[in-house]
Amino acid sequence: MWSVDLDAPVSADRRGVLSADERERAARFATEELRNRYATGRAVLRQLLAEYVGGMAEGLVFRYGPKGKPE
């Protein structure tokens, strides 16, 4: 189990691992707080998954089903 403080400021390093569509989605949130929470969550997800699969966080590609669920 992992625990992440989504309210901590997102660093440039973390924001750098986000895909273009993740950065676009983050930009659509109404407040800076929500943008940061989303960006932090996605960046940490990418970093953790990259450790498990032995790849680079920015190189991970997510697919989404017809209802937007990640696969």
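**Ground rules.** I am working with a predicted model, where local features need pLDDT of at least 70, side-chain atom pairs count only at pLDDT 80 or more, and totals for chains, interfaces and linings use all residues. Residues are numbered from 1 along each chain as its sequence is written, and side-chain values use heavy atoms, with hydrogens and water left out.

**Confidence.** I checked pLDDT, the predictor's confidence in each residue from 0 to 100. The protein chain averages 90, and 100% of the residues score at least 70. A reminder to myself: where pLDDT is low, the predicted coordinates should not be read in detail.

**Helix H3.** I take helices as DSSP runs of H or I with at least four residues, and strands as runs of E with at least two, numbered from the N terminus. H3 covers residues 32-53, which is 22 residues. From first C-alpha to last I get 31 Å, close to the 32 Å expected at 1.5 Å a residue; the expected span is 1.5 Å times one less than the number of residues. After H3 comes Gly54, with a positive phi near 75°.

Which residues of H3 are buried? I call a residue buried under 20% relative accessible area, exposed over 50%, and partly exposed in between (1.4 Å probe, protein chains only). The list for H3 is Asn36, Tyr38, Ala39, Thr40, Arg42, Ala43, Val44, Arg46, Leu48 and Ala50. Their cover includes helix H1 (12-15) and helix H2 (20-27).

**Thr40.** This residue of helix H3 is buried, at 1% relative accessible area. I listed its contacts (heavy atoms within 4.5 Å), leaving out residues up to four places away in sequence: Val4, Asp5, Leu6, Ala8, Val10 and Arg14.

**Salt bridges.** My criterion is a side-chain nitrogen of Lys or Arg within 4 Å of a carboxyl oxygen of Asp or Glu. How many does the structure hold? I count 4 salt bridges.

- Asp7 pairs with Arg37, and the closest N and O atoms are 2.6 Å apart. The pair links distant parts of the chain, with Asp7 in the segment before H1 and Arg37 in helix H3, 30 residues apart. Arg37 is partly exposed, at 29% relative accessible area.
- Arg46 and Glu22 meet at 2.7 Å, N to O. Arg46 is in helix H3 and Glu22 in helix H2, so this bridge ties together parts 24 residues apart in sequence. Glu22 is buried, with a relative accessible area of 1%.
- Glu32 and Arg35 meet at 3.1 Å, N to O. Both are in helix H3, 3 residues apart, about one turn of the helix. Glu32 is partly exposed at 44%, and Arg35 is partly exposed at 22%.

I also noted a network of salt bridges linking Glu22, Arg42 and Arg46.

**Arg46.** Is Arg46 buried or exposed? It counts as buried, at 1% relative accessibility. Not counting residues up to four places away in sequence, Arg46 touches Val17, Leu18, Ser19, Glu22, Ala57, Glu58, Leu60 and Phe62.

**Leu49.** I found Leu49 in helix H3, partly exposed at 33% relative accessibility. With residues up to four places away set aside, Leu49 touches Leu60 and Phe62.

**Arg23.** Helix H2 holds Arg23, which counts as partly exposed at 40% relative accessibility. Arg23 and Arg35 are 12 residues apart in sequence and 9.1 Å apart in space, C-alpha to C-alpha.

**Surface patch.** Which residues make the nonpolar patch? Trp2, Tyr52 and Val53 do, over about 420 Å². Patches use residues with over 30% relative accessible area and no salt bridge, joining like charges within 9 Å and nonpolar side chains (Val, Leu, Ile, Met, Phe, Trp, Tyr) within 5 Å. The areas are Shrake-Rupley values with a 1.4 Å probe, and for residues only the protein chains shown count as cover. Trp2 is in the segment before H1 and counts as exposed at 55% relative accessibility.
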